[in-house]
Amino acid sequence: MNDTTPAKSVQKLIARLGPGFVLIVVILVAAFMVPRFFTTLNLINVLYQSSIYIVLAVGMTFVITGGGIDLSIGSQVALISVVMSGFIHAWGWPVGLAMVVAIFFGMGLGAVNGFVITGLRMPDFIVTLAAMETFRGFALVHSAGKIWFDFPSSFRYIGITRWAGLPIPTIVALILAAIGYYIYHKTHFGRYTIAVGGNRTAAIYCGIPVSRYKVFQYVLMGGLCGLAAILITSRLDSSQATMAQGYEIHTIAAVIMGGTSLFGGSGNVVGSVVGALILGIIANTMVLLGVDYFWRLVVTGLLIVLAVGLNQWRENVMREASLEAVKETAKESTS
Amino acid sequence: MNDAKKRQDEDFVLEARGITKNFGGLRALDNVDFSLRRGEVMGLVGDNGAGKSTLIKILTGVYPADAGEILLERQPVTLRSRQHAKSLGIEAVYQDLALVDTLEASANVFLGSEISNPLLGMQFLDNAKMRTEALNLLKNKLNIQLGSNRKAPVFNLSGGQKQSVAIGRAIYREHIKILVMDEPTAALGPEETEKTLHLIRTLRDHGIPVIVIAHNLEHVFAVSERITVLRRGRMVGVRSTAESSKTEILGLIIGAEEKEVVPSSGKA
């Protein structure tokens with residue numbers, strides 16, 4: 001088994017680096033095509049624009065690892081945003097209270113998804129697809145075509161202020177990613193999320209309340225949609241029912257690119273952050289190059305397919321490597 | 001009467017008497033007796049549909065029996081559920097192993113009962129401690145070393161290593177009294193089969209009585225002290241492995257010696 005050709009070694013190296021490899025390639029291409037890419041201002045800008053996807057991707061990593069998927073997150077963000085805007089503008093709530101309620105409202109939306117999936121035993125895909133439509137509908141009903149803007153300065157502070165040179169949304173996203181990493185690897189919640197997605201029967205056999213953990217995953221996702229709604233609304237200083245469309249596609253793509261398996265059971269929080277950065281850099285580069293918005297959609301879509309394909313190829317290489325390892329072990333035990 | 005006397009002398013961990021189970025109109029088990037002594041490996045054999053799985057499910061608390069009694073260490077017990085049976089020390093390793101492939105060995109051994117430390121009012125998993133304890137358990141009780149696969153996800157492990165992880169999960173609690181293994185060698189190659197049979201003997205040497213269900217008589221003869229044979233829902237014989245032969249057991253399984261063992265019932 002040790003007769004590995006150089007080509008195979010390179011394959012394995014690329015596979016091991018995984019999303020990190022794609023990130024490096026994307027950065028190199030961006031730097032080559034746009035001289036302005038490597039300025040501090042632009043790099044911070046990329047982090048700033050990626051921060052909302054990082055927040056969502058952390059939650060989505062748990063949902064997908066647990067064997068689920070949440071297609072409703074864009075609609076959740078929009079619904080939470082308009083409801084929160086209503087609290088602040090129409091009802092005159094203090095900003096802090098409105099934000100706290102926004103996060104709890106998001107957790108409530110997630111709980112609805114989770115309870116419908118586990119209670120009615122319906123596929124995650126179908127339930128959250130329906131929720132995508134329903135939540136968007138509620139957002140439209142609530143706002144009745146209104147666009148909220150001109151938020152109090154205390155609210156806009158979050159989106160536009162920098163601490164130690166970094167925008168607050170970026171700081172929030174990076175701290176959140178670190179917390180997510182710890183939850184994933186160091187808590188019962190993380191461990192049972194992997195178990196439920198990896199082998200549901202085994203999880204049940206070991207006495208893990210699988211439905212409860214499924215609901216927790218969607219509640220976490222909903223809470224993070226609340227956080228994302230706060231960040232995006234504050235950054236744009238505007239809120240409307242049609243906002244945040246396509247967030248689910250970008251977030252899922254970032255997570256899958258990052259090395260989380262669509263089939264559940266294994267995931268990578270850091271990889272999801274890398275995936276979000278990759279998409280952020282691609283978007284940023286196209287804006288700097290002056291690519292037309294419609295074409296940007298086309299290119300983004302194609303690049304997502306490419307990156308996910310690369311990830312699948314990577315999984316295959318890794319699986320082959322592990323099969324070889326098994327053979328090796330068998331050999332060792334024979335001798 | 002002599003029989004009853006003898007029974008009292010023997011150190012039974014588990015006894016089942018007159019177990020009967022119906023599924024609708026079908027009688028899956030008919031007045032079956034079963035016993036397991038301390039420190040022995042009991043082979044449970046029979047053709048497909050003979051009632052092996054049903055008996056095992058009753059003994060591990062998955063189904064209740066319609067009639068009959070179960071004694072655990074001479075005390076009558078009613079197994080209310082699988083969890084209840086587990087809490088009484090009846091553990092089982094299933095054919096599909098029930099491992100989470102994407103988690104490492106120690107995470108699988110401790111799945112559902114992780115070691116954790118409190119910090120700021122939350123519980124954090126102590127992965128290092130679980131790894132140490134799991135590897136020690138596999139090494140000391142099963143003589144299995146994972147080597148370079150210590151931290152690898154379980155799908156990287158060989159069949160025998162996976163088997164040991166599944167057994168490790170069943171036996172790491174100190175109060176284990178009985179281990180049931182359903183077709184432990186079914187999915188394994190010759191090399192791994194030998195290892196698994198060795199594992200079973202190692203368990204017995206550590207004082208854990210084991211019930212092994214297997215199709216392969218070769219394997220049953222290699223590990224067991226006694227063999228219980230089921231046929232069409234009835235217990236048709238218990239033999240001491242050393243004093244029996246494969247021919248005799250096979251005869252019991254297919255019913256060639258039925259007339260000698262039980263009165264012919266003629267029931268289909």
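Me: What is the basis of the values?

Reply: This is a predicted model, in which local features need pLDDT of at least 70 and side-chain atom pairs count only at pLDDT 80 or more, while totals for chains, interfaces and linings use all residues. Residues are numbered from 1 along each chain as its sequence is written, chains are lettered from A and ligands numbered from 1 in the order in which they are written, and side-chain values use heavy atoms, with hydrogens and water left out.

Me: How do you know that the span of helix α6 of chain B agrees with what a helix should give?

Reply: Helices (H or I, at least four residues) and strands (E, at least two) are DSSP runs, numbered from the N terminus. The expected span is 1.5 Å times one less than the number of residues. Helix α6 of chain B has 13 residues, 159-171, and should therefore span 18 Å; its end C-alpha atoms lie 18 Å apart, in agreement.

Me: What makes α6(B) mostly covered?

Reply: Buried means under 20% relative accessible area, exposed over 50%, and partly exposed in between (1.4 Å probe, protein chains only). Eleven of the 13 residues of α6(B) are buried. Among them are G160(B), Q161(B), R169(B) and I171(B).

Me: How many residues does each chain bring to the contact between chain B and chain A?

Reply: Contact means heavy atoms within 4.5 Å. Chain B gives 31 residues and chain A gives 22 residues.

Me: What is the area buried between chain B and chain A, and what share comes from carbon and sulfur atoms?

Reply: The size of an interface is often given as the accessible area lost when the parts come together. Buried area is accordingly the accessible area (1.4 Å probe) that two parts lose on being put together, summed over both. For chain B and chain A the value is about 2300 Å², with 59% from carbon and sulfur atoms. On the side of chain B that touches chain A, α3 (82-87), β6 (90-93), β8 (122-125), α5 (127-142), α6 and α7 (190-205) each supply at least two residues. The residues on that side of chain B comprise 13 nonpolar, eleven polar and seven charged. Here Ala, Val, Leu, Ile, Met, Phe, Trp, Tyr, Cys and Pro count as nonpolar, Asp, Glu, Lys and Arg as charged, and the others, Gly among them, as polar.

Me: Why is the pair R38(B) and E73(B) called a salt bridge?

Reply: The N to O distance between the side chains of R38(B) and E73(B) is 3.3 Å, and the limit is 4 Å. R38(B) lies in the loop between β2 (26-37) and β3 (41-46) of chain B and E73(B) in the loop between β4 (67-72) and β5 (75-77), so the pair ties together parts 35 residues apart in sequence. R38(B), at 44% relative accessibility, counts as partly exposed, and E73(B), at 31%, also counts as partly exposed.

Me: What makes E218(B) and K246(B) a salt bridge?

Reply: The side chains of E218(B) and K246(B) meet at 3.4 Å, N to O. E218(B) lies in helix α8 (residues 217-223) of chain B and K246(B) in helix α9 (residues 246-254), so this pair ties together parts 28 residues apart in sequence. E218(B) has 51% relative accessibility and therefore counts as exposed, while K246(B), with 36%, is partly exposed.

Me: Why is V141(A) called exposed?

Reply: V141(A) has 63% relative accessibility and so counts as exposed. V141(A) lies in helix α6 (residues 124-143) of chain A.

Me: Is T170(A) buried or exposed?

Reply: T170(A) has a relative accessible area of 2% and is therefore buried. T170(A) belongs to helix α8 (residues 168-186) of chain A and touches L47(A), Y48(A) and S51(A), not counting residues up to four places away in sequence.

Me: What is the phi of D237(A)?

Reply: D237(A) is not a glycine, yet its phi is positive, at about 50°. D237(A) sits in the loop between α11 (210-236) and β4 (238-239) of chain A, and with a relative accessible area of 17% it is buried.
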